[in-house]
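I opened a notebook for this structure and wrote down each thing I looked up. The entries follow in the order I made them.

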Amino acid sequence: MTLTDTLTAPRDAATPAAPMLQNRRNWGVALKAPRRLLTDKEDTGQVFEIMAALNGNSTARNYQRLLRTPGGGRLALEHVELAPRLMDDAWLDSFADGTVGAAYRHFVRSENISAEGLAEISRQRRGPVEIQHPYAWFGRRTRDSHDIWHILSGYHRDGLGEACLVAFSYAQTGSLGWLVIALGAALRPRGGVRGPAIKAIWQGYRRGKAAKWFAGEDYLALLAEQLDAARTRLNLAPPTFYDAIPADLRDRH
């Protein structure tokens with residue numbers, strides 16, 4: 001059975017999605033892509049290569065976890081696509097200062113990035129990710145919330161910030177691809193800050209384990225929360241080891 005042979009979005013979110021075969025892991029691809037990514041952190045396509053190679057059943061497993069989460073059945077039933085909402089400038093402009101949404105708005109505009117840009121890269125690397133299947137929807141939701149996770153976690157888009165968020169993401173999702181990227185980043189030479197960088201990445205993992213499960217959040221409601229209050233509710237302590245490293249050293253090889 002292939003993904004396109006299975007059910008479309010479920011009519012009743014309490015009913016589990018049709019079973020899917022676990023994707024076979026491709027270690028050849030998975031071990032080559034991290035080297036390319038560590039050479040050029042802007043080559044986001046390599047992340048999708050790694051995740052496709054090592055994702056296995058993690059998307060299906062996390063979708064089933066969503067259904068067991070309070071409010072998760074409603075989120076699955078409503079089936080909101082995040083990318084179109086996050087591309088709506090008028091909607092983003094409606095968020096008051098100090099909210100998660102306002103921080104997200106500043107983040108994507110100052111970095112000149114967008115949810116649609118990330119989605120387009122994933123389409124080029126992973127094929128028909130837009131198919132109508134609950135697991136595919138959950139995968140898109142995870143992809144499109146990546147920069148929201150940046151905002152909540154306090155990690156920026158420099159090399160070390162991405163590495164810390166990757167470790168955080170592994171703790172949250174259990175997806176093996178995140179682990180491979182995190183290990184590669186931890187072993188990356190960083191001059192005099194390698195030791196502190198490894199501590200920061202390890203703290204990223206521990207923060208991810210301690211935090212509430214992000215994938216079970218209603219992101220549309222979350223964006224309207226005050227950022228500090230949201231971090232407290234989600235049990236997010238400050239990223240002290242990351243913050244202690246000067247910004248100009250976080251990308252250093």
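**Entry 1: a glycine after a helix.** I started at Gly-174. This residue comes just after H11 and takes a positive phi of about 75°. I noted that the model I am reading is a predicted one.

**Entry 2: helix H11.** H11 covers residues 159-173. I checked its length. With 15 residues at 1.5 Å a residue, H11 should span 21 Å, and its end C-alpha atoms are 21 Å apart, so the two agree. Then I checked its cover. H11 is mostly covered, with 13 of its 15 residues buried.

**Entry 3: helix H12.** I moved along to H12, residues 176-187. H12 has 12 residues and reaches 17 Å from its first C-alpha to its last, close to the 16 Å expected at 1.5 Å a residue. I listed its buried residues: Gly-177, Trp-178, Val-180, Ile-181, Ala-182, Gly-184, Ala-185 and Ala-186. An α-helix has 3.6 residues a turn, so residues three or four places apart point the same way.

**Entry 4: the second largest pocket.** Which elements give two or more residues to the lining of the second largest pocket? I looked up the lining before settling that. It is made by Ala-167, Tyr-170, Leu-179, Ala-182, Leu-183, Ala-186, Ile-198, Ile-201, Trp-202 and Tyr-205. The elements are H11, H12 and helix H13 (194-210). I then sorted the lining by residue type. It holds 10 nonpolar residues, no polar ones and no charged ones. The space in this pocket comes to about 180 Å³. Ala-182 and Ala-186 were already in my notes as buried residues of H12.

**Entry 5: the whole chain.** I stepped back for an overview. The chain has 16 helices and zero strands. Of its 253 residues, 49% count as buried. I also looked at contacts in the chain with a separation of 6 or more. Residues 24 or more positions apart account for 74% of them. The chain exposes about 12,100 Å², and carbon and sulfur atoms supply 56% of that.

**Entry 6: helix H7 and Arg-105.** I turned to H7, which runs over residues 100-111. Its 12 residues should span 16 Å at 1.5 Å a residue, and the end C-alpha atoms are 16 Å apart, which agrees. The buried residues here are Val-100, Gly-101, Ala-102, Tyr-104, Arg-105, Phe-107 and Val-108. I stopped at Arg-105. Why does Arg-105 count as buried? Its relative accessibility is 14%, and buried means under 20%, so Arg-105 qualifies. I looked for its contacts, leaving aside neighbours within four places in sequence. Arg-105 is in contact with Leu-92, Asp-93, Ser-94, Phe-95 and Asp-97.

Entry 7: H7 is followed by Asn-112, whose phi is positive, near 55°. Asn-112 is not a glycine. It sits in the loop between H7 and helix H8 (115-126). Is Asn-112 buried or exposed? At 71% relative accessibility, Asn-112 counts as exposed. His-79 also went on my list: its phi is near 60°, a positive value in a residue other than glycine. I placed His-79 in the loop between helix H4 (72-78) and helix H5 (82-86). At 15% relative accessibility, His-79 counts as buried.

**Entry 8: Leu-236.** I looked up a loop residue further along. Leu-236 lies between helix H15 (227-233) and helix H16 (240-244). Leu-236 is buried, with a relative accessible area of 11%. Which residues does Leu-236 contact, leaving aside neighbours within four places in sequence? They are Leu-152, Phe-168, Arg-207, Ala-211, Phe-214 and Arg-231. I checked Arg-207 in particular.

**Entry 9: Thr-59.** Not counting residues up to four places away in sequence, Thr-59 touches Tyr-135, Phe-138 and Gly-139. Thr-59 and Gly-139 are 80 residues apart along the chain, and their C-alpha atoms are separated by 6.3 Å.

Key
Residues numbered from 1 in each chain as written. Predicted model: local features only at pLDDT ≥ 70, side-chain atom pairs only at ≥ 80, totals over all residues. Heavy atoms only, no water. Helix = DSSP H or I, 4+ residues; strand = E, 2+ residues; numbered from the N terminus. Buried < 20%, exposed > 50% of the residue type's maximum accessible area, 1.4 Å probe, protein only. Contact = heavy atoms within 4.5 Å. Areas by Shrake-Rupley, 256 points an atom, 1.4 Å probe, with all protein chains shown as cover. 1 Å grid on protein atoms, 1.4 Å probe; cavity = no way out; pocket = protein on both sides within 12 Å on 5 of 7 lines; lining within 4 Å. Points joined across faces, edges and corners; volume = space filled by probe spheres on them. Nonpolar A, V, L, I, M, F, W, Y, C, P; charged D, E, K, R; others polar. Expected span 1.5 Å × (residues − 1).
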